[in-house]
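Subject: Structure for your review

Dear colleague,

Please find below the structure that I am handing over to you.

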Amino acid sequence: MAEELILTQEGYDKLQEELDDLKYVKRKELAERIKLAISYGDLKENSEYHSAKNDQAFMETRIIILEKTLNNARIVDAKDISSTTVNVGSNVVLNDIEFSERLEYQVVGPAEADVANFKVSYESPLGKALMGKAVGDKVHVEAPMGIVKYELLEIKAL
């Protein structure tokens with residue numbers, strides 16, 4: 001049995017949207033590219049054809065991954081997210097103790113993690129350290145530059 005993946009509704013919807021785009025838009029576009037490349041003749045030395053076939057292989061692999069992810073997903077219900085302890089779907093406000101910097105993250109499943117948009121996976125070092133913690137708790141996270149210490153200031157449900 002495949003491993004269950006935990007996603008927020010937003011993350012699930014985003015992956016479903018990507019899958020639909022690949023299956024119903026990008027596949028047709030790629031088929032047209034391949035058809036056009038074939039019309040150029042001699043496939044052995046046809047770089048457009050080989051490029052399109054390579055893109056097709058990557059796209060089909062991504063479709064398989066997305067379908068597997070969505071089929072094994074468990075969506076976190078917003079009403080089940082506590083504002084007293086951190087869980088998947090929680091928005092947390094942290095204080096970086098060393099730099100007195102206030103940071104806000106959402107704890108999400110690994111398939112929707114995006115640090116640039118302040119979404120950390122519950123499997124990441126920070127996510128693991130935060131899971132189950134309450135306001136006022138301090139967490140220590142091992143990072144490449146050493147141990148980073150945070151204080152949990154606030155937990156917001158979705």
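The notes below set out the conventions, then the helices, the sheet and some individual residues.

Conventions

This is a predicted model, in which local features need pLDDT of at least 70 and side-chain atom pairs count only at pLDDT 80 or more, while totals for chains, interfaces and linings use all residues. Residues are numbered from 1 along each chain as its sequence is written, and side-chain values use heavy atoms, with hydrogens and water left out. Helices (H or I, at least four residues) and strands (E, at least two) are DSSP runs, numbered from the N terminus.

The helix pair

Helix H1 covers residues 9–39 and helix H2 covers residues 47–71. Their axes come within 9 Å and cross at roughly 160 degrees; axes here are lines fitted to C-alpha atoms, for helices over the stretch in contact, with angles running from 0 to 180 degrees between N-to-C directions. That angle makes H1 roughly antiparallel to H2, given that angles under 35 degrees count as roughly parallel, over 145 as roughly antiparallel, 65 to 115 as roughly perpendicular and the rest as oblique. The crossing of H1 past H2 is left-handed, a term used if the near helix is turned anticlockwise from the far one by less than a right angle, with right-handed used if clockwise. By class, the contact of H1 with H2 has 14 nonpolar, 4 polar and 11 charged residues. In this count Ala, Val, Leu, Ile, Met, Phe, Trp, Tyr, Cys and Pro are nonpolar, Asp, Glu, Lys and Arg are charged, and the others, Gly among them, are polar.

The sheet

An open sheet of 5 strands has the order E5-E4-E3-E7-E6, with mixed pairing; two strands pair if DSSP finds at least two bridges between them. E5 and E6 stand at the edges with a single partner strand each, so one side of each is left without a neighbour in the sheet. From one strand to the next, the twist averages 45 degrees.

E4 and E5 run parallel and are joined by 3 bridges, and Val107 stands opposite Val120 in E5. E3 and strand E7 (residues 146–156) run antiparallel, with 6 bridges between them; Val93 has Glu154 as its bridge partner in E7. Strand E6 (residues 138–143) also pairs with E7 in the antiparallel sense, over 6 bridges. E6 and E7 form a hairpin with 2 residues between them. Ala143 has Gly146 as its bridge partner in E7, and the bridge partner of Glu142 in that strand is Ile147.

The aromatic pair

How many aromatic pairs does a search of the whole structure find? It finds 1 aromatic pair. The ring centres of Tyr105 and Phe118 are 6.0 Å apart and their planes lie at 55 degrees, so the pair is tilted. The cut-offs are as follows: rings of Phe, Tyr and Trp (its six-membered ring) pair if their centres lie within 6.5 Å, and planes under 30 degrees apart count as stacked, over 60 as edge-to-face and the rest as tilted. The pair links distant parts of the chain, 13 residues apart, with Tyr105 in strand E4 (residues 101–108) and Phe118 in the loop between E4 and strand E5 (119–121). Tyr105 has 12% relative accessibility and counts as buried, whereas Phe118, at 45%, counts as partly exposed. Buried means under 20% relative accessible area, exposed over 50%, and partly exposed in between (1.4 Å probe, protein chains only).

Backbone angles

Most residues other than glycine have a negative phi, and most peptide bonds are trans. Phe118 has a positive phi of about 60 degrees although it is not a glycine. Ser100, also not a glycine, has a positive phi of about 50 degrees. Ser100 lies in the loop between strand E3 (91–96) and E4, and its relative accessibility of 61% makes it count as exposed.

Two buried residues

Val86 lies in the loop between strand E2 (73–75) and E3 and is buried, with a relative accessible area of 2%. Val86 and Glu154 are 68 residues apart in sequence and 9.6 Å apart in space, C-alpha to C-alpha. Leu103 is in strand E4 and is buried, at 14% relative accessible area. Leu103 and Ala31 are 72 residues apart in sequence, and 45 Å separates their C-alpha atoms in space.

Yours sincerely
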